[in-house]
Amino acid sequence: MIDYIYLFLYKSFEFLAKVLPVKVMNFLLRGLSSFVYFFDRKHNHIINSNLKLAFGDKMSQKRRDEIGKRVFYNLLQTIIGFIRRDGKNSEEVLKNITFKNEHILQDYIDKNKKIIFITGHYSNWELSSLAVSAKFGINLVGVGRKLDSNLMDRLLFKNREQFGVEMVYRKGAIKNLLKALKNGKAIGLLLDQHLGAKQGGIEVEFFGHKVLHSPSASILARNFNIDVIPIYVSTDNYSDYTITFYQPIPFIKTDNKEEDIKNMTQAQAKAMEDVIRAKPDEWFWVHKRWKGFYPEIYEREKK
């Protein structure tokens with residue numbers, strides 16, 4: 001039953017995205033975003049708890065509300081962008097995308113170096129892998145979580161696996177990523193969510209507070225002597241997008257493996273923090289990012 005509910009919602013959005021003018025669709029999405037932010041008390045609380053911890057008294061409630069509404073607007077625009085890209089060729093996908101610091105990636109391609117990208121749930125994150133593969137002609141393997149709906153999962157994978165992009169499920173992903181690197185393919189990892197200590201998360205600092213962060217990229221980088229390239233997409237109007245390649249984070253390989261992995265993972269968290277601090281409006285603040293050390297901030301008062 002859940003499959004058909006998700007499919008109905010998806011098809012409804014697909015229909016509206018195709019028949020309504022962009023300005024009208026954006027107006028409706030903004031209204032829906034505001035409605036969800038103010039009436040979804042659970043996620044409203046998570047967003048505000050995260051922002052209060054990250055920015056403290058430096059951010060007003062008015063600003064937190066602006067970002068909170070933008071969180072849902074970003075998500076809806078990501079879904080609409082996903083729908084609108086369906087069936088498009090590479091030229092159409094790249095039409096409104098600008099690449100910044102592309103020389104960073106091109107240098108790695110020219111030197112035939114192995115590539116690990118890291119990014120997060122920021123702006124239209126689904127666009128990055130497709131655009132990079134289409135623009136630079138590289139084979140890229142990404143990791144995704146299997147959706148609860150099998151129908152939607154198949155739709156998502158079909159849309160993601162274009163222009164040289166391959167997707168693997170999170171469960172058992174390391175084996176597939178190792179194979180990809182050995183075969184000369186690039187890999188891309190979303191590493192901005194909480195990962196429990198039992199799942200391998202390690203402690204780093206993020207916005208001045210302790211979090212548990214995935215060391216996956218660091219482990220692969222150290223084992224294969226690969227630098228990690230942070231990559232993030234951003235937009236001001238949800239029509240034109242900029243994909244930026246940031247300064248590569250060099251692999252570290254000393255006799256202290258544990259310290260090497262911690263230092264590389266901390267550098268990755270810092271790179272992500274810098275991007276979010278510069279423009280916090282586009283990060284998906286709905287994750288309980290700090291629950292490993294500060295679970296109490298997500299507790300809601302009982303009424």
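**Second largest pocket**

I started with the lining of the second largest pocket and found that H4 gives the largest share, four residues. I am working on a predicted model, where local features need pLDDT of at least 70, side-chain atom pairs count only at pLDDT 80 or more, and totals for chains, interfaces and linings use all residues. Residues are numbered from 1 along each chain as its sequence is written, and side-chain values use heavy atoms, with hydrogens and water left out.

I noted two helices, H4 (61-85) and H5 (90-94), that each supply at least two residues of this pocket's lining. (Helices are DSSP runs of H or I, at least four residues; strands are runs of E, at least two; both are numbered from the N terminus.) The space in the second largest pocket comes to about 400 Å³. I then looked at its 16 lining residues: Arg-84, Lys-88, Asn-96, Ser-239 and Tyr-241 are the closest to the centre. By class I get six nonpolar, five polar and five charged residues in this lining. (Nonpolar is Ala, Val, Leu, Ile, Met, Phe, Trp, Tyr, Cys and Pro; charged is Asp, Glu, Lys and Arg; the others, Gly among them, are polar.)

For the search, a 1 Å grid over the protein atoms alone is used: a pocket is an open set of points with protein on both sides within 12 Å along at least five of seven lines, a cavity is a set where a 1.4 Å probe fits but cannot get out, and lining residues have an atom within 4 Å of a point. Volume is the space filled by probe spheres set on the points, which are joined across faces, edges and corners.

**Largest cavity**

I searched the whole structure and got one cavity of 30 Å³ or more. The largest cavity holds about 260 Å³. Its lining has 18 residues, and Thr-119, Trp-125, Ser-129, Gly-188 and Leu-190 lie nearest the centre. S2 (116-119), H7 (126-136), S3 (140-144) and S5 (186-190) each put at least two residues into that lining. The class count is 10 nonpolar, six polar and two charged.

**H2 against H3**

I looked up H2 (residues 22-39) and H3 (residues 41-55): they pack at about 85°, axes 5 Å apart. So H2 is roughly perpendicular to H3. (Under 35 degrees is roughly parallel, over 145 roughly antiparallel, 65 to 115 roughly perpendicular, the rest oblique. Axes are fitted to C-alpha atoms over the stretch in contact, and angles between N-to-C directions run from 0 to 180 degrees.) Tyr-37, Phe-38 and Phe-39 of H2 touch Arg-41, Asn-44, Ile-47 and Asn-48 of H3. (Contact is heavy atoms within 4.5 Å.) I noted four nonpolar, two polar and one charged residue here.

**H2 against H4**

I get an angle of about 130° between H2 and H4, with axes 8 Å apart. H2 is therefore oblique to H4. Their crossing is right-handed.

**H6 against H7**

H6 (residues 102-110) meets H7 at about 60°, axes 12 Å apart. That makes this pair oblique. I logged the crossing of H6 and H7 as right-handed. Glu-102, Leu-105, Gln-106 and Ile-109 of H6 touch Val-132, Lys-135 and Phe-136 of H7. This contact has four nonpolar, one polar and two charged residues.

How values were computed:
Left-handed = near helix turned anticlockwise from the far one by under 90°.
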